[in-house]
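The following exercises ask the reader to examine a protein chain step by step.

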Amino acid sequence: MKNKKVDITDQKLKYKNIIITVSLLIPVVVAILFRVKIDVAYSFDFLPKIYATINGVTTIFLILAYFAIRSKKINLHRKLMKSSIFLSLVFLVMYVIYHMTSDPTPYGGEGFLRPLYFFILITHIALSIGIIPLVLISYVRAISKHFSNHKKIARITLPIWLYITITGVVVYLMISPYYNQ
């Protein structure tokens, strides 16, 4: 019995260290890569439309996953959540590629829309950093079959993740008129 308890503790510590490392590495690496500019002959101007669409699809998958688990469709929930994580990773790669190869697009809106845009953008970015450990903890608790603990953190993770995916689309819609000006 004692060996099993040690194994579980070791497993928790391993996951905790991985979660902390990944949660710190991703924002740091993204911040570093944002300072790197690659001059390419090819234009990646099409990427914002694609990664905004990915955000929209992720929103739909997260909502469907919520209803799947409420309906006890565990396999569907699992597939939708893994797909959401995968899409978020694809989004991140495309986002970094775009910003490494393209000049920043300044927001050109005026009046009330300007502070609204920046409020949405800043909260979107800040929560995007904070969601990383929440998603990872939720995922680890699910795959470790600690469902009561998974449920507790998923109740926090889901609304934040939804806010991020929805505001990702909103930010794109607000800035898209100013691309290539």
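A contact means heavy atoms within 4.5 Å. The model is predicted: local features need pLDDT of at least 70, side-chain atom pairs count only at pLDDT 80 or more, and totals for chains, interfaces and linings use all residues. Residues are numbered from 1 along each chain as its sequence is written, and side-chain values use heavy atoms, with hydrogens and water left out.

**Exercise 1. The chain as a whole**

Task: State which elements the protein chain contains and describe its contacts and its surface.

Solution. 
Step 1. Helices (H or I, at least four residues) and strands (E, at least two) are DSSP runs, numbered from the N terminus. The protein chain has 5 helices and 0 strands, in the order α-α-α-α-α from the N terminus on.
Step 2. Along the principal axes, the C-alpha atoms fill a box of roughly 65 × 35 × 30 Å.
Step 3. Among contacts with a separation of 6 or more, 78% join residues 24 or more positions apart.
Step 4. Accessible areas come from the Shrake-Rupley method with a 1.4 Å probe; for residues, only the protein chains shown count as cover. The accessible surface of the protein chain is about 12,000 Å², and 70% of that surface belongs to carbon and sulfur atoms.
Step 5. Buried means under 20% relative accessible area, exposed over 50%, and partly exposed in between (1.4 Å probe, protein chains only). Of the 181 residues, 29% count as buried.

**Exercise 2. Positive phi values**

Task: Where does Lys 72 lie, and is Lys 72 buried or exposed? Treat Lys 145 likewise.

Solution. 
Step 1. Most residues other than glycine have a negative phi.
Step 2. Lys 72 has a positive phi near 65° and lies in the loop between α2 and α3. Lys 72 is exposed, because its relative accessible area is 68%.
Step 3. Lys 145 has a positive phi near 65° and lies in the loop between α4 and α5. Its relative accessibility is 61%, so Lys 145 counts as exposed.

**Exercise 3. Two further loop residues**

Task: Is Ser 102 buried or exposed, and which residues does Ser 102 touch?

Solution. 
Step 1. Ser 102 is found in the loop between α3 (74–101) and α4 (113–143). With a relative accessible area of 8%, Ser 102 is buried.
Step 2. Leaving aside residues up to four places away in sequence, Ser 102 touches Lys 37 and Asp 45.
Step 3. Val 36 is partly exposed, because its relative accessible area is 34%.
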